[in-house]
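Morning, everyone. Have a look at the model.

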Amino acid sequence: MKSFNRQKGNLGEDIACKFLEKNGYKIIERNKSFSRFSEIDIIAQFKNTLVFVEVKTRKNNNFGTPFEAITKTKFNHILQGVKMYLQDCKVKYDNYRIDVIGITLEPELEINHLQNVSI
C-alpha cells in the first residue's frame with residue numbers, strides 16, 4: 001500500500017509542478033528534506049516571492065478532500081522546514097509564503113491551489 005501511496009504522491013507532485021510552471025512559477029527544488037518529520041514537496045519562485053508548496057493528492061474525495069489532510073502538526077512541520085531552508089539559503093528572500101495544492105484524480109482531475117496558507 002505504501003508504494004501505491006508514494007506513486008500517487010509522485011504523480012500529484014508532477015501534476016502540481018506542471019500546473020505551477022504553466023502559471024509562471026519556476027521550480028527550484030522538489031522533496032527537500034530537513035528531518036524525519038519535515039519535507040517540503042516543492043520550492044518554487046513566483047516573481048520575487050519564494051513559495052513553499054505542500055501537495056496533497058487523493059484518488060477521490062470519498063474519504064475527505066486533499067486539504068483535510070493538512071493538520072496543525074503537519075503545518076508546523078512544514079513551517080519548521082521553511083525556517084531551516086531560509087536560514088541555509090544562499091540567496092536572501094524578503095518575500096515568502098506557504099501554498100497548498102490539492103489534487104483529486106477521479107472522477108476527473110481537479111487541481112485546487114490555496115496561496116499564503118496559515119493555520
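Searching the whole structure turns up four aromatic pairs. The rule covers rings of Phe, Tyr and Trp (its six-membered ring), with centres within 6.5 Å; planes under 30 degrees apart are stacked, over 60 edge-to-face, the rest tilted. Take F34 and Y85: edge-to-face, 6.4 Å between centres, 85 degrees between planes. F34 sits in the loop between β1 (26–33) and β2 (39–46), Y85 in helix α2 (residues 72–88), so this pair ties together parts 51 residues apart in sequence. Helices (H or I, at least four residues) and strands (E, at least two) are DSSP runs, numbered from the N terminus. F34 and Y85 are both buried. Buried is under 20% relative accessible area, exposed over 50%, partly exposed in between (1.4 Å probe, protein chains only).

This is a predicted model: local features need pLDDT of at least 70, side-chain atom pairs count only at pLDDT 80 or more, and totals for chains, interfaces and linings use all residues. Residues are numbered from 1 along each chain as its sequence is written, and side-chain values use heavy atoms, with hydrogens and water left out.

Which cluster do these rings belong to? F34, F52, Y85 and Y96 form one aromatic cluster. F52 is buried at 1% relative accessibility. Y96 is partly exposed, at 43%.

Now cysteines. How many disulfides are there? Zero, by the rule of a cysteine sulfur pair within 2.5 Å. For C17, the nearest cysteine sulfur is that of C89, 18 Å away. C17 is buried, at 7% relative accessible area. C89 is buried too, at 12%.
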